[in-house]
Amino acid sequence: MEKFTTHSGLVAPLDIANVDTDQIIPKQFLQKTERIGFGKHLFHDSRYLDHSGNEPNPDFILNKAAYQGASILLARENFGCGSSREHAPWALEEYGFKVIIAPSFADIFYGNCINIGLLPIKLREAEIEQLFQLAPDAQLNLEVDLPNSKVSFTNDAGKQVEFNFSLSKFQQYSLENGIDSVGWTLGKLDKIKAFEAKMPVWQ
Amino acid sequence: MTTTAKTMYEKLWQNHLVEDLADETPLLFVDRHLIHEVTSPQAFANLRFHNRPVRHPERTIATMDHNISTRSIKIDAAGEGAANQLRALEKNCKDFGIELFGMGHKNQGIAHVMGPELGLTLPGTIIVCGDSHTATHGAFGSLAFGIGTSEVEHVFATQTLRQNKAKTMKIEVKGQVGKGISAKDIILAIIGKTGSAGATGYVVEYCGEAIEALSMEERMTVCNMSIEFGAKAGLVAPDQTTFDYVQGKEYAPKGDVFEQAVNDWQQLKSDENAVFDAVLTLEAKDIKAQVTWGTTPGQVTSIDSKVPSPSDFSDPVEQESCKQALEYMDLTAGTKITDISVNKVFIGSCTNSRIEDLRAAANVVQSYTDKGQSVQSSVDAIIVPGSYRVKAQAESEGLDKIFSDAGFEWRLPGCSMCLGMNDDVLTAGDRCASTSNRNFEGRQGRGSRTHLVSPEMAAAAAITGHFVDLNT
């Protein structure tokens with residue numbers, strides 16, 4: 001996994017609550033046995049007018065000229081609900097997103113993002129609202145600083161605004177160091193073996 | 001020294017804690033891992049890349065369910081992409097020594113139907129699967145939850161997972177439900193009350209007289225939809241109903257070991273004074289038959305009511321969600337639920353495809369058949385049993401004949417139209433009464449509209465062409 005420390009990028013605002021992983025990557029694109037090839041199908045049903053994905057929907061946020069090259073997705077509550085498919089964060093990452101900001105995330109999606117090095121940031125409702133107010137009019141660029149757990153931008157008055165966020169200690173460590181989580185746990189084999197040795201026989 | 005009263009979740013957590021360091025996410029042992037063709041191939045690929053074995057292949061069981069045809073047991077019947085994944089699963093299971101219930105195997109079925117009916121699902125265990133409806137197994141008092149593919153790989157290699165501790169929520173359903181109210185109505189009513197993210201960050205324990213009165217299959221229906229209001233997992237305390245169900249199942253412990261297990265399982269229930277982070281109480285008698293009208297499972301109402309209007313909600317985000325949902329669902333606020341017509345019916349999925357579900361649906365169908373009524377000519381209705389065992393049982397009881405004679409299509413087991421990864425897909429504009437678990441936009445096919453209901457309601461809708469209050 002790549003290390004994540006700081007990131008600076010353009011924000012694309014997706015002003016819809018309860019965006020589920022079926023919307024992020026519909027089922028017909030889950031038939032791959034590889035980990036690549038999902039980005040072009042991200043948000044397929046909203047992003048394209050036709051079933052085969054040749055006609056971009058001009059009304060969809062990611063198709064608008066102002067948001068080309070966006071690497072930070074601003075979303076509403078309960079983002080990533082539904083199916084556990086890791087294909088959803090894979091698709092977001094392959095499209096070019098490095099950071100997803102929302103007031104709340106579904107649990108499985110949140111964990112899946114961390115596990116692939118895509119940073120999910122929870123901010124307070126009022127902060128999210130403020131970003132939504134700014135993003136449609138201005139080209140909102142955010143600075144994301146994981147080691148200091150803050151998001152910052154310069155407002156219209158030229159003033160620096162900062163929002164703080166937090167991750168659990170180990171999740172933050174994992175992202176900042178890009179650790180191989182399986183390898184890390186395999187370093188604990190003695191502990192696992194000791195646990196197994198005292199399990200009841202029926203288990 | 002004081003002893004602290006514990007919830008069932010805390011006991012399950014403690015019993016599986018391999019390591020709990022201040023600087024690391026706690027490490028939990030995983031007893032049972034269910035896998036299928038869609039969310040496992042990339043995990044196997046990474047094992048190969050790192051040259052790592054599966055630590056306990058005997059603790060993993062594979063089935064083919066998501067991608068398969070419900071018309072043919074041929075591996076190629078659901079298209080090239082599906083066949084590639086199914087063949088990859090065969091090869092991966094062979095290479096890594098994992099037992100697989102492949103196409104047409106007597107044990108094949110939807111993972112969450114198969115596990116319980118084979119006795120692979122046991123109280124007091126941690127069960128994971130790369131599928132969000134793994135919560136189903138919580139009906140046994142096992143901590144069961146869906147995981148992503150990176151976690152599937154982690155479980156393969158280490159038989160453990162890292163998990164932050166969730167908060168606990170108690171949902172008590174007091175008293176007895178009215179006649180004809182199903183487990184599906186109970187869970188939809190709960191979600192209607194909490195909203196689609198009401199339990200995010202929580203493990204939910206369902207309790208109360210109405211829950212205790214449920215059969216194991218009904219408890220599975222309730223726990224299955226825990227994820228639909230954001231819960232990490234759903235739990236029901238194991239009791240005699242649970243032990244009787246597990247006893248004698250193919251993979252369940254036998255003899256003295258079973259007795260010892262029951263002893264341990266009896267200790268799992270939440271202590272009397274255990275404190276939950278949140279408590280929700282419902283009166284069972286208030287629960288009516290439920291129908292979703294929107295595009296999240298929380299957008300649900302009673303059969304005797306009307307489609308709501310955005311102005312019925314105070315929260316601006318909910319207002320906007322209602323507006324968008326009505327537009328997508330092509331519904332007008334104020335329409336009576338019983339006036340909504342459907343042209344497709346799907347009875348199946350890990351929520352409602354077990355033998356009791358099929359019996360309940362067949363009963364309704366029979367009551368109409370007795371009056372000379374059958375499936376409306378404008379409706380296509382399919383019945384997809386959850387497993388080959390369910391299919392065989394249903395056929396031995398003649399249920400398939402009741403359905404076929406009334407004009408339903410009797411299909412082969414699989415996930416089918418719940419997510420439409422195979423060819424059981426709705427087309428744009430279709431309106432479906434579905435016993436599945438998600439009514440998301442496009443879930444059953446781009447532009448299609450899903451109403452989540454019980455098997456009884458779905459059966460009646462197939463025959464009358466619209467939703468019916470069966471209890472009036």
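Q: Two residues are in contact if their C-beta atoms, placed from the backbone, lie within 7 Å. How many residues does the contact take from chain A and from chain B?
A: This is a predicted model, in which local features need pLDDT of at least 70 and side-chain atom pairs count only at 80 or more, while totals for chains, interfaces and linings use all residues. Residues are numbered from 1 along each chain as its sequence is written, and chains are lettered from A and ligands numbered from 1 in the order written. The contact draws on both chains, taking 46 residues from chain A and 58 residues from chain B.

Q: Which element gives the most to the side of chain A that touches chain B?
A: Helices (H or I, at least four residues) and strands (E, at least two) are DSSP runs numbered from the N terminus. The elements of chain A that give two or more residues to this side are α1 (21-24), α4 (107-116), α6 (169-177), α7 (181-186) and α8 (189-197). With 6 residues, the element that gives the most is α4(A).

Q: Which residues in α4(A) meet α3(A)?
A: Helix α3 (residues 87-95) of chain A and α4(A) have axes that come within 9 Å and cross at roughly 50°. From α3(A) come Ala88(A), Pro89(A), Trp90(A) and Glu93(A), and they meet Phe109(A), Asn112(A), Cys113(A) and Ile116(A).

Q: How many helices and strands does the secondary structure of chain A come to?
A: Along the principal axes, the C-alpha atoms of chain A fill a box of roughly 60 × 45 × 25 Å. Among contacts in this chain between residues at least 6 apart in sequence, 66% join residues at least 24 apart. The secondary structure of chain A comes to 8 helices and 7 strands.

Q: At what angle do the axes of α12 and α14 of chain B cross?
A: In this pair, Leu358(B), Arg359(B), Ala362(B), Val365(B), Gln366(B) and Thr369(B) in α12(B) meet Leu399(B), Ile402(B), Phe403(B), Asp405(B) and Ala406(B) in α14(B). The axes of α12 (residues 355-369) and α14 (residues 399-406) come within 9 Å of each other, and they cross at roughly 45°.

Q: Which strands do the buried residues of α1(B) pack against?
A: A residue is buried if 20 or more other C-beta atoms lie within 10 Å of its own, exposed if 12 or fewer, and partly exposed in between. In α1 (residues 8-15) of chain B, the buried residues are Met8(B), Tyr9(B), Leu12(B), Trp13(B) and Asn15(B). They pack against β1 (17-19), β7 (143-146), β9 (167-174), β10 (202-207) and β11 (233-236) of chain B.

Q: Is Asn51(B) buried or exposed?
A: Asn51(B) has a positive phi of about 55° although it is not a glycine. Its place is in the loop between α2 (41-50) and β4 (60-63) of chain B. Asn51(B) has 6 other C-beta atoms within 10 Å, so this residue is exposed.

Q: Does Ser416(B) count as buried or exposed?
A: Ser416(B), not a glycine, has a positive phi of about 55°. You will find Ser416(B) in the loop between β17 (409-410) and β18 (431-434) of chain B. Because Ser416(B) has 32 C-beta neighbours inside 10 Å, it counts as buried.

Conventions
Axes are lines fitted to C-alpha atoms, for helices over the stretch in contact, and angles run from 0 to 180 degrees between N-to-C directions.
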